[in-house]
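This briefing sets out selected features of the structure shown below, grouped by topic. Please read each point alongside the sequence and the model.

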Amino acid sequence: MRHLLAKDLRILRRSPLLVGLLVAYPILIAVLVGMALSQGPDRPRVAIVNELEDGGAPLTIGGTRVEPSEYASKLFESVDPVKAGSRAEAQRMVRDGEVLAAIIVPRDLLERIQATIALAGARERPTVIVIYNAADPVKRQFVESTINSRVAELNKALSAKLTEIAAGYIDLLLKGGSFSLLGRSFDVIGLERSKRLIDMVLTDTPRGSPDRERLERVSRFAALAIDNLDLAGPVLQSAGSPIEVRRQALDGRRTPLDTYAVAVAVTLSLMLICVLLGAGMLALERDENAFGRLVRGLVSRGTLLAEKIALSAGCAAAAALLLCAGVSAFVPLAWSRLPWWVACLAVAGLAFAALGVAIGALAREVRAASLMAFLLALPIAFMALVPDGAVAGWLSDLLAAIGALFPFRPALTAIDGALNDADGMAGALAHLAALTAGWALLARLALRRFA
Amino acid sequence: MPTATAPALAVTEVGHRFGERWALRGVSFEVAPRETVAIIGPNGAGKTTLLSIIGGALQPTEGSVSRPPRDIGWVPQQSAVYGKLTVRENLALFARLERLPDPDAAVERMLDQTGLRDRADDEVGELSGGGRQRVNIAVGLLSDPDVVLLDEPSASLDPRQRARLWEFVGTLARSGAAVLFTTHDIAEAERYADRVLVLADGELLFQGTPRELHAAVDDDAADIETAFVRFLASRGH
């Protein structure tokens, strides 16, 4: 087998373009996929038309001043704002693709907010206008979700501020204090002090007196109001955000997204190199007419398959390790787990290579084998990356069943386990070993009609 | 010419089936040491299949071959060497895979015998069709076998290269090897073979000298090719 291995390595060394493509292409794909998984989108450029005079005067809510600029920043947190002079200019910028969308802050926005808060019978709700290009459904979805989430954040912040102000009023009503309105200060006695004063008067009022009975009724009302208004604060807080989210992760996965993306990138790279190399190098034996010469007693078919699997797995594992080394410059990886990396890359590589030689044995020609390997490999990876529950239940089960027949999903689990100490590595390695045997057996059967 | 000594190769009742179709059926013959035998027949007769079975590249569905593949030098019709390796590397690879006692010496011997020494360090992919065929033959003969199988050996050669090939084949036979070759060139078979085997539709229809093939149809036949065509027609092919 070593003579064949040496021969194949020599052939690869003399095909630098092929090897370069074979290594560079999967790594490029892997890095792109990894970046797509780990990087959020850049802040989209959004045109802003602020029709408020001087950027918007402060709102006065029950004597409390609220600066609109504090809340406007919520709206612009996830976007790269580009100032536009008018609605027409904003529309032109969207149409020309200079910006993804435009947000119009109408002149009467603050008045409407003020009217809504003051319960002054505003006929229309405060509104901001979003302009976007609906020609591209993906872009439209992105703009809608981005702007909606920002508006939700803005509403939440305003609601919190209103709740805070309302809670202050209730506190004033309960405990008393000073209150200023339209430049004049008022001293508010408060329910608690009112009750104490009434109770003091009651002690001096003779029993059976009609005044005593009336005062006792007022005192009981004050006690009831004090007890229940105590609850008003928490009730207002709940109304502001009625549902609290408490996160609880199951199955123990603790892998951060960026290091999981490294595992995806490495697995993808390993798969493409292994499958393409395994399929291509086996089919090459037939293209060179050497297969017949080899198997006439010089090398058994099983040995030939084993050599191709070892060659592909070895080359791909080496490339994947190089990829890890390169990626570790950007994402911290636990080099102390290197033996696990090597073990998992080797086992996963063997499974992918067995799949590759099966493809090569079935396709029989280098070009057909390469095309078949490529066409098969990418859908397998994408199927395995569809999260459980992201599609209909029966489809999820079907994808899982198909995915179990190919090495990508267990390889990803094993490599994630090796890189990130995630669970499931042992089961995945056993799965990969079974797949290696299965695909190698299929390749051996296919070799019966290979010559 | 055949001798009375034990045959170098005996093929007994060999048959091969591709799916439901029999490509060969009940083929039996012997080849003596120093004898050169040509297998002729129309396209699809089973010539290459027969040589592949004798060479060990195909397993027969039935029948047997007296020598194991390791004792037989097999030169397939299409060049079965690696284009990205040099001539020397190809020879060295197969010499090692054949576990020859001294692979390096075998390589040097074949470079000399096939006149490839000047091109020894060139990649085979850079050689002409004739050059590649010489490498193909050199690899087949590395083990200095007692039986040599050549499948259409002159097909891709120019006249000068053909002459050198047949001179080389003659040398092999004179040195004691039994040579079995297939060809479409009937005149070539008459010129270089001691005996011819006529194969059609997987059946062995005739074995004998070229003169006996003439006699089998018509003594007045102008040439061996005409005799061959008449023979096939007389047998319904």
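The model is a predicted one.

- The buried residues of H1(A) are Leu4(A), Lys7(A) and Asp8(A).
- Arg2(A) and Arg13(A) are exposed residues on the face of H1(A) that is turned away from the buried side.
- Between the chains, 17 residues of chain A are in contact with 23 residues of chain B.
- At least two residues of the side of chain A that touches chain B come from helix H1 (2–13), and at least two from helix H11 (290–295) of chain A.
- That side of chain A comprises 6 nonpolar, 5 polar and 6 charged residues.

**Helix H17 of chain A and its packing**

- Helix H17 of chain A runs over residues 425–446; its 22 residues should span 32 Å at 1.5 Å a residue, and the separation of 31 Å between its end C-alpha atoms agrees with this.
- Its buried residues are Met425(A), Ala428(A), Leu429(A), His431(A), Leu432(A), Leu435(A), Thr436(A), Trp439(A), Ala440(A) and Ala443(A).
- They are on the same side of H17(A), because they take up an arc of only 165 degrees around the axis.
- On the face of H17(A) turned away from its buried side are the exposed residues Ala426(A) and Leu445(A).
- The partners against which the buried residues of H17(A) pack are helix H12 (301–327), helix H13 (338–363) and helix H16 (408–420) of chain A.
- Ala358(A) belongs to helix H13 of chain A.
- Ala358(A) counts as buried because 27 other C-beta atoms lie within 10 Å, where the threshold is 20 or more.
- When neighbours within four places in sequence are left aside, the contacts of Ala358(A) are Trp439(A), Leu442(A), Ala443(A) and Ala446(A).
- Although Ala358(A) and Ala446(A) are 88 residues apart along the chain, their C-alpha atoms are separated by 7.2 Å.

**Strand E5 of chain A and its partners**

- Strand E5 of chain A, residues 101–105, is mostly covered, with 4 of its 5 residues buried.
- E5(A) pairs with strand E1 (residues 45–50) of chain A in the parallel sense, over 5 bridges.
- Val105(A) in E5(A) is the bridge partner of Asn50(A).
- E5(A) is also joined by 4 bridges to strand E6 (residues 129–132) of chain A, and these two strands run antiparallel.
- Ile131(A) in E6(A) is the residue opposite Ala102(A).

**Domains of the two chains**

- The domain assignment divides chain A into domain 1 (2–38 + 256–449), domain 2 (45–175) and domain 3 (189–235).
- In chain A, 6 residues of domain 2 are in contact with 7 residues of domain 3.
- The side of domain 2 of chain A that touches domain 3 of chain A has 5 nonpolar residues, no polar residues and 1 charged residue.
- For chain B, the domain assignment gives domain 1 (1–67 + 146–237) and domain 2 (81–144).
- The centres of domain 1 and domain 2 of chain B, taken over C-alpha atoms, are 26 Å apart.
- Contacts in chain B link 6 residues of domain 1 with 5 residues of domain 2.
- The side of domain 1 of chain B that touches domain 2 of chain B has 3 nonpolar, 2 polar and 1 charged residues.

- Most residues other than glycine have a negative phi.
- Arg364(A), which is not a glycine, has a positive phi near 75 degrees.
- Arg364(A) is located in the loop between H13 and helix H14 (366–385) of chain A.
- Arg364(A) counts as partly exposed because it has 18 C-beta neighbours inside 10 Å.
- Asp201(B), also not a glycine, has a positive phi of about 50 degrees.
- The loop between strand E8 (195–200) and strand E9 (203–208) of chain B contains Asp201(B).
- With 17 C-beta neighbours inside 10 Å, Asp201(B) is therefore classed as partly exposed.

Notes
Residues numbered from 1 in each chain as written. Chains lettered and ligands numbered in written order. Predicted model: local features only at pLDDT ≥ 70, side-chain atom pairs only at ≥ 80, totals over all residues. Expected span 1.5 Å × (residues − 1). Buried ≥ 20, exposed ≤ 12 C-beta atoms within 10 Å, placed from the backbone. Arc of directions from axis to C-beta. Contact = placed C-beta atoms within 7 Å. Nonpolar A, V, L, I, M, F, W, Y, C, P; charged D, E, K, R; others polar. Pairing = 2+ DSSP bridges. Domains from an automatic or database assignment.
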